[in-house]
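Reader: I would like to learn how to read the fold of a single chain from its structure. Please give the general idea first, then the case at hand.

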Amino acid sequence: MTGAGTVTTAQRPDLPAGTTVVRLDSDLGLASASALRLRLMGALRPGIRRLVLDLSRVQSCDPAGLAVLISTQRHAAEQGIVVLLTTPSPPAAKLLHSTGLERYLTVCPDSPGPLATQPVPAGVGSRQGTD
């Protein structure tokens, strides 16, 4: 992504097969939403069963950034892919909580445990424990 942040995609041998990790950096906003959407839609490819979005370095997120996360979740579900939002930064966690999206999206406060388990549907494992 240009200007507003970077996206790093990785296949890690320490994670279950079919897992792709995408680390989002900096701001998820209007300036970066289009490029972010393209990148995340590109990650939803055959053979992927789980898309992990690492939010630990997200400094801010506006409605355009939230819309990208929601549309990624929707498109992934249509393909049978589970999306996990892991280690949200304090600003990202606050926004997910205040908007109620932590009940719609699967949010894991830390990454080691949730990544080693089987995929779970949205809402299970949310930060507040409300399944």
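Reader: What should I know about the model before I start?

Author: This is a predicted model, in which local features need pLDDT of at least 70 and side-chain atom pairs count only at pLDDT 80 or more, while totals for chains, interfaces and linings use all residues. Residues are numbered from 1 along each chain as its sequence is written, and side-chain values use heavy atoms, with hydrogens and water left out.

Reader: How many helices and strands are there in the chain?

Author: Helices (H or I, at least four residues) and strands (E, at least two) are DSSP runs, numbered from the N terminus. The chain has four helices and five strands. Along the sequence they follow the pattern β-β-α-β-α-β-α-β-α.

Reader: In which sense do S2 and S3 pair?

Author: Two strands pair if DSSP finds at least two bridges between them. Strand S2 (residues 19–28) and strand S3 (residues 50–61) have nine bridges and pair in the parallel sense. Arginine 23, for instance, has aspartate 54 in S3 as its bridge partner. Between these strands the chain passes through helix H1 (residues 30–43), and this β-α-β crossover is right-handed.

Reader: What does right-handed mean for a crossover?

Author: Point the strands away from the viewer: the crossover is right-handed if the path from the first strand over the helix to the second runs clockwise. S3, helix H2 (residues 63–78) and S4 also form a right-handed β-α-β unit, and so do S4, H3 and S5.

Reader: How many bridges join S4 to S3, and how many join S4 to S5?

Author: Strand S4 (residues 82–86) runs parallel to S3, with five bridges, and parallel to strand S5 (residues 106–108), with three bridges. Valine 83 in S4 is the bridge partner of leucine 51. Leucine 84 stands opposite threonine 106 in S5.

Reader: Is S4 mostly covered or open?

Author: Buried means under 20% relative accessible area, exposed over 50%, and partly exposed in between (1.4 Å probe, protein chains only). Five of the five residues of S4 are buried. In a regular strand the side chains alternate between the two faces of the sheet. In S4, Val82, Leu84 and Thr86 are buried on one side, and Val83 and Leu85 are buried on the other. Over the chain, buried residues make up 46% of the 131 residues.

Reader: Is arginine 74 buried or partly exposed?

Author: Arginine 74, which lies in helix H2, is partly exposed because its relative accessible area is 41%.

Reader: How many cavities of 30 Å³ or more does a search of the whole structure find?

Author: On a 1 Å grid over the protein atoms alone, a cavity is a set of points where a 1.4 Å probe fits but cannot get out, and lining residues have an atom within 4 Å of a point. Grid points are joined across faces, edges and corners, and a volume is the space filled by probe spheres set on the points. The search finds one cavity of 30 Å³ or more. The largest cavity has a volume of about 50 Å³.

Reader: Which residues line the largest cavity?

Author: The lining consists of Leu28, Leu55, Cys61, Leu66, Leu69, Ala92, Leu95 and Leu96. S3, H2 and helix H3 (90–99) each supply at least two residues of this lining, and H3 gives the most, with three.

How values were computed:
1 Å grid on protein atoms, 1.4 Å probe; cavity = no way out; pocket = protein on both sides within 12 Å on 5 of 7 lines; lining within 4 Å.
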